[in-house]
Amino acid sequence: MIDVEKEFPQYDVIAVGAHPDDVEIACGGTLARLSDLGHKVAIIDLTDGEPTPHSPGPDIRLAEAMEAAKVLGVHKRITLDLPNRRLFDSFEARVMLAKEFRKYRPKVVLGFGDRTPMASPDHWQAMQITDAAVFYSRLTKWDEHFDNLPVHTVSRHLYYKIAFEPINKLDAAGSFVHDITDTLERKIESVRCYQTQFPPAKDYIYDRVRGAAIYLGATAGYGAGELFYTTRAVATPDMMQLLFPEEKA
């Protein structure tokens, strides 16, 4: 059995996207905030996003992705060798992602939480792949499929939505807004790193991303926020601490 604690660093949070720029648009402000708070954060892109209409090739897209990660303070970015535009939920894709979870042992996984009509169908496939990989990561008696990597149980799995999509509720156990007031500008800057995806003709994208963050923040009393859906009910042993987290005991 591989000693993963010696071979691989552990990350508190791993965000999974179908393509480079998905995570930045959906939850880049949260990753930046968590990094500022001292948490170890990573991104896994299931594909390199190529081919794409305005990009010269995968090297340029990868360079954009690495610069965006640097802006957010992300500690590691991994690109899996799955095909853009032909991403499908398969056993092989599930195992590939589960191996990364077993290596890097996240406490929390963030991933797609819904279909994105009129946008890439890869997003919906990425949700299913991530759901399965969280489950596969903890399964015993299956070592031959996971390169003898030890099992790992992901403690929390949260869903996000792309900021471009209509702001409607998911049928989920719970939800919360994460404060990104102090990191909204870094979120926007990270999206701007993708010049091949968002040329001047698409400058309106930044207004949409900003507007969604301000709206979501306002629903919770913050200057800007990002919405997450929980796969289990939100619970607390102290209702007052949950309702008034700013008050110290």
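Biologist: What volume does the largest pocket have?

Modeller: This is a predicted model, where local features need pLDDT of at least 70, side-chain atom pairs count only at pLDDT 80 or more, and totals for chains, interfaces and linings use all residues. Residues are numbered from 1 along each chain as its sequence is written, and side-chain values use heavy atoms, with hydrogens and water left out. A pocket is an open set of points on a 1 Å grid over the protein atoms alone, where a 1.4 Å probe fits, with protein on both sides within 12 Å along at least five of seven lines. Taking volume as the space filled by probe spheres set on the points, the largest pocket has about 1,400 Å³.

Biologist: Which element supplies the largest share of the lining of the largest pocket?

Modeller: Lining residues have an atom within 4 Å of a point, and 37 residues line the largest pocket. Helices (H or I, at least four residues) and strands (E, at least two) are DSSP runs, numbered from the N terminus. Elements that each supply at least two residues include helix H2 (22–36), strand E4 (108–112) and strand E6 (174–179). The largest share, five residues, comes from E6.

Biologist: Which residues lie nearest the centre of the second largest pocket?

Modeller: The volume of the second largest pocket is about 640 Å³. H7 gives the most to the lining, with three residues. The lining has 27 residues, and those nearest the centre are Asp 21, Thr 52, Ser 120, Gln 197 and Lys 202.

Biologist: Is Ser 35 buried or exposed?

Modeller: Ser 35 sits in helix H2. Contact means heavy atoms within 4.5 Å; leaving aside neighbours within four places in sequence, Ser 35 is in contact with Val 41, Leu 72, Gly 73 and His 75. Buried means under 20% relative accessible area, exposed over 50%, partly exposed in between (1.4 Å probe, protein chains only). Ser 35 has 16% relative accessibility, so Ser 35 counts as buried.

Biologist: In what order do the seven strands form the open sheet?

Modeller: Two strands pair if DSSP finds at least two bridges between them. The pairing in this sheet is mixed, and the order is E3-E2-E1-E4-E5-E7-E6. The edge strands, each pairing on one side only, are strand E3 (76–79) and E6.

Biologist: Which residue in E2 is the bridge partner of Gly 17?

Modeller: Strand E1 (residues 13–17) and strand E2 (residues 41–45) run parallel, joined by five bridges. The partner of Gly 17 in E2 is Asp 45.
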